[in-house]
Amino acid sequence: MIPEDIVERAYNGTTTREDALELLEVKPFELYALADDLRKEAVGDNVTYVVNRNINFTDRCIGTCGFCAFKDKKGYLLSQDQIREKIDEAVASGATELCIQGGLMEDVKLDLYLDILRAVKEDHPHIHTHCFSPMEVYHAATSSDLTIEETLAELKKNGLNTMPGTAAEILVDRVREIICPEKITRQQWIDIVTSAHKAGISTTATMMYGHVETWEERIDHILTIRDIQKKTGGFTEFVPLPFMPYNNTIGDQMLKEGKFMTTGTEDLKVYSLARILLNTHVKNIQVSWVKLGKKLAQVALLCGGNDLGGTLMEESISRSAGASNGEVISVEELEWIIRGAERTPAQRDTLYRSISE
Ligand code: SF4
């Protein structure tokens, strides 16, 4: 049984680190049920999704993240024409959002990022641009001798609507020192995201878990997101992403030590804890069908999740690291999965506004 005071704090949005650790000791189905109850109270029975397209414009990267299986695999850089072609295809298939990210190219300045935004907005001013991680914003700023604020202002002026809250990994410097020592620090990630929110650019928040971090560090990560949200209100959703341990050095080391990827019950505990720790602060917990697979993603909708993410159209980052759940999912299949969980499918835009027929 979950103690009453812990349930009470979960409902009023004040779950503590100690509560979260105690919740890991209760029977998993009790934990999942609490998260499901909170989800129902917070957002009801709709499960949302977005029709979008992922575009990774280059895999060339000077980064050294040990968990990355994407960088320099093919060494490609999409031309402006190729990007425009992908954008046109996305719009023709009904996408409302373009999610555009890429590697960190040497000698590339802010102009490259602005050119991409202009390529989208010139032809399709109404499509939502969800582009560039905090790491890319940092890269664009430093290579162009601009401040983060100046960079964000330029991006916004040229058509940036929202940003993916990727590059967060685990927001604990001990972990970052091991898995991505050259990436922005915890504090830099917080500062960039906070500046974006202040500039009117909402972001998502992600967490890549299941490598070298502890449960305490996962909880601290989620509490960091909660603290930022209390100050800015700029997160649209939280997206837990299990680490894929294939074709990368961190994963190789794990597999050598006899450690494999996260298990299903562990994933569901992370989703449940995310809902509980973020309750009343971040409304939407997004389930990644790419990482979890379609069947476990459906079950995660019963453990705190209320959003199934996007149709994507192409996905190469998780696939490079061993995900085998596909690159695209149709609206029909997403809705099938949602109805199978006895919930109501609802198409949304990037900012979680409903899109009716
Ligand atoms: S995760 Fe991103 S920044 Fe890091 S090496 Fe891979 S592509 Fe580069």
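**View 1. Residue shell around the ligand.** The ligand is surrounded by Cys-61, Gly-63, Cys-65, Cys-68, Phe-70, Lys-71, Gly-103, Leu-104 and Met-135; a residue is near a molecule or strand if its C-beta atom, placed from the backbone, lies within 6 Å of it. By class, this shell holds six nonpolar, two polar and one charged residues. Ala, Val, Leu, Ile, Met, Phe, Trp, Tyr, Cys and Pro count as nonpolar, Asp, Glu, Lys and Arg as charged, and the others, Gly among them, as polar. The model is predicted: local features need pLDDT of at least 70, side-chain atom pairs count only at pLDDT 80 or more, and totals for chains, interfaces and linings use all residues. Numbering starts from 1 along each chain as its sequence is written.

View 2. Three strands, in the order S7-S1-S8, form an open sheet with parallel pairing. Helices (H or I, at least four residues) and strands (E, at least two) are DSSP runs, numbered from the N terminus, and two strands pair if DSSP finds at least two bridges between them. Strand S7 (307-310) and strand S8 (344-347) are the edge strands, each pairing on one side only. From one strand to the next, the twist averages 20°. Strand S1 (residues 46-50) runs parallel to S8 and is joined to it by four bridges. Asn-46 has Thr-344 in S8 as its bridge partner. Helix H16 (residues 331-340) packs on the sheet, touching S1, S7 and S8, and its direction makes about 145° with that of S8. Axes are lines fitted to C-alpha atoms, for helices over the stretch in contact, and angles run from 0 to 180 degrees between N-to-C directions. Two residues are in contact if their C-beta atoms, placed from the backbone, lie within 7 Å.

View 3. Three strands in the order S2-S3-S4 form an open sheet, and the pairing is parallel. The edge positions belong to strand S2 (52-56) and strand S4 (128-131), each of which pairs on one side only. The twist has an average of 20° from one strand to the next. Strand S3 (residues 97-101) pairs with S4 in the parallel sense over four bridges. The bridge partner of Ile-100 in S4 is Cys-131. Helix H4 (residues 80-92) packs on this sheet and touches S2 and S3; its direction makes about 165° with that of S2.

**View 4. Packing of helix H9 with helix H10.** The axes of helix H9 (residues 186-198) and helix H10 (residues 215-232) cross at roughly 30° and come within 10 Å. That angle makes H9 roughly parallel to H10; angles under 35 degrees count as roughly parallel, over 145 as roughly antiparallel, 65 to 115 as roughly perpendicular and the rest as oblique. H9 passes H10 in a right-handed crossing. A crossing is left-handed if the near helix is turned anticlockwise from the far one by less than a right angle, and right-handed if clockwise. On the H9 side, Ile-190, Val-193, Thr-194, His-197 and Lys-198 meet Thr-224, Ile-228, Lys-231 and Thr-232 in H10. The residues of this contact divide into three nonpolar, four polar and two charged.

**View 5. Packing of helix H7 with helix H9.** Helix H7 (residues 148-157) packs with H9 at an angle of about 45°, their axes 10 Å apart. H7 is therefore oblique to H9. The crossing of H7 and H9 is right-handed. Ile-148, Glu-149 and Leu-152 in H7 meet Asp-191, Ile-192, Ser-195 and Ala-196 in H9. By class, the residues of this contact are four nonpolar, one polar and two charged.
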